[in-house]
Amino acid sequence: AAAAYGAAGSVWLYDASEDVRARAAGLDLGNVTATLAEAVEDADCVFLCVPVGALADVAQATVPHMKAGAILTDVGSVKKQAAEALCSADNGKVQIIPGHPIAGTEQSGPEAGFPTLFRGAWHILTPQDGKDETYGEAVQRLTDFWTALGAKVEMMDPGRHDRVLAITSHLPHLIAFNIVSTAFDMETVEQGEVVKFSAGGFRDFTRIAASDPVMWRDVFLNNKEAVLECLGRFTEDLAALQRAIRWGDGDLLIQEFTRARTIRKAIIDAGQDSGAVNFGRNQNGVKPDA
C-alpha cells in the first residue's frame, strides 16, 4: 500500500524468519534485509507488526538502531499493553506513537497483503500525553501516512480503545473460536455433516476462527480485563435468551432480534459493511470493493 500510493520514498522489511524474508523478497514487497538493524537504521518511521506479546522484546531490539526523531509505531489490536511495551524501550530520541489499523483478513503472512487493504478502514492512534510540539508534528506525519493509504484516522485513549475493541472485535473472535470447536466436538453430529451443511452464519464463524492463533492468544492475554468484562455481560444476556427459549417467551426473542437488526442497519448506514446479499461478498467470497 505504501508503494502503491506513494506514501513512502522506500520500504525496508525485516522478519526473524528466513523463510518469510525469502517469500517477501519473491513478492517484491520492498528491500528485504538480513538484519533488523539494517532495516531500521535510516527509517523515518518503523512499524512493528508482531503479536502484542512480542512487542516489548522487539521494541527493545529495534530502538537502539533507530535515528533520532524517527517514529516508532505498531499495528497491535491491544493498545494499553502495546504502549507500555513500546515505551519500555524509549531512549528519549524516538517518537513513540502506538497505532491500530482496523483492517485485515483471516489470512496472514507476506502473501496476505494487498494495496487497497486500508481504504475506507479506521486507523486508531493512541498518542502519549504531555508531549512537546515536535511530538505533535510526528503524530501529524503518521496521520498523513495512513491517510495516504486511504484510512480514516481517529485519536483515542488506549484504555478506551481496548474497551471498544473488546466488544467489536475480541469477543466476536472468542465466540467464533469457541462455536467452531463446539460444533466439531458435538457427539450428535458428524464432522463431515458440519462441513457439508454449513450455512452462512457458521461459515462466517469458521472464517473468523481461521485467524492467526498466536496473534489472538496475545490479544486475549493482554486485554483480559476488558474482554472478561464483555464476556461476563455477554454470558448474562445469553442466559436471558436461554431462559426465553426454555419458557417460550417469544416476545423477548422478538424484542432482542429486532434490536439486533437495527444495529446491523446502523453498521451498513455507517459504511462499515455492504448490505448486499451473503454478507456483502460476491460468489468468489470477496467484498465488491476489495
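## Accessibility and model basis

Buried means under 20% relative accessible area, exposed means over 50%, and partly exposed lies in between (1.4 Å probe, protein chains only). By that scale, Arg 217 is partly exposed at 47% relative accessibility.

This is a predicted model, in which local features need pLDDT of at least 70 and side-chain atom pairs count only at pLDDT 80 or more, while totals for chains, interfaces and linings use all residues. Residues are numbered from 1 along each chain as its sequence is written, and side-chain values use heavy atoms, with hydrogens and water left out.

## Overall layout

The chain holds twelve helices and eight strands. These are DSSP runs numbered from the N terminus (helices: H or I, at least four residues; strands: E, at least two). Along the principal axes, the C-alpha atoms fill a box of roughly 65 × 45 × 35 Å.

Of the 290 residues in the chain, 31% are buried. A contact means heavy atoms within 4.5 Å. Among contacts between residues at least 6 apart in sequence, 67% join residues at least 24 apart.

## Helix α10

Helix α10 covers residues 224–246. The expected span of a helix is 1.5 Å times one less than its number of residues.

Four names make up the buried set of α10: Ala 226, Val 227, Cys 230 and Ala 244. The buried residues pack against α6 (158–185), α9 (213–222) and α11 (250–269). Gly 248 follows α10 and has a positive phi, near 70°.

## The α6–α8 crossing

Two packed helices are described by the angle between their axes and the distance between the axes. Here axes are lines fitted to C-alpha atoms, for helices over the stretch in contact, and angles run from 0 to 180 degrees between N-to-C directions. The axes of α6 and α8 (residues 200–209) come within 8 Å and cross at roughly 115°. The two helices are therefore roughly perpendicular. That label covers 65 to 115 degrees; under 35 counts as roughly parallel, over 145 as roughly antiparallel, and the rest as oblique.

The crossing of α6 past α8 is left-handed. In a left-handed crossing the near helix is turned anticlockwise from the far one by less than a right angle; clockwise makes it right-handed. On the α6 side, the residues involved include Phe 177, Ile 179, Val 180 and Phe 184. Their partners in α8 include Phe 202, Phe 205 and Ile 208.

## Salt bridges

Side chains of opposite charge can pair when their charged atoms come close. A salt bridge is a side-chain nitrogen of Lys or Arg within 4 Å of a carboxyl oxygen of Asp or Glu. The whole structure has nine. One of them joins Asp 44 and Lys 67 (2.8 Å, N to O). Asp 44 sits in the loop between α2 (36–40) and β3 (45–48), and Lys 67 in the loop between α3 (55–62) and β4 (71–74), so the pair ties together parts 23 residues apart in sequence. Asp 44 is exposed, at 56% relative accessible area. Lys 67 is partly exposed, at 34%.

Arg 217 and Asp 218 also pair (2.9 Å, N to O). Asp 218 is buried, at 6%. In helix α11, Asp 269 and Lys 265 lie four residues apart, about one turn of the helix. Their side chains meet at 2.8 Å, N to O, and both residues are exposed. Asp 19, Arg 23 and Glu 111 form a linked network of salt bridges.
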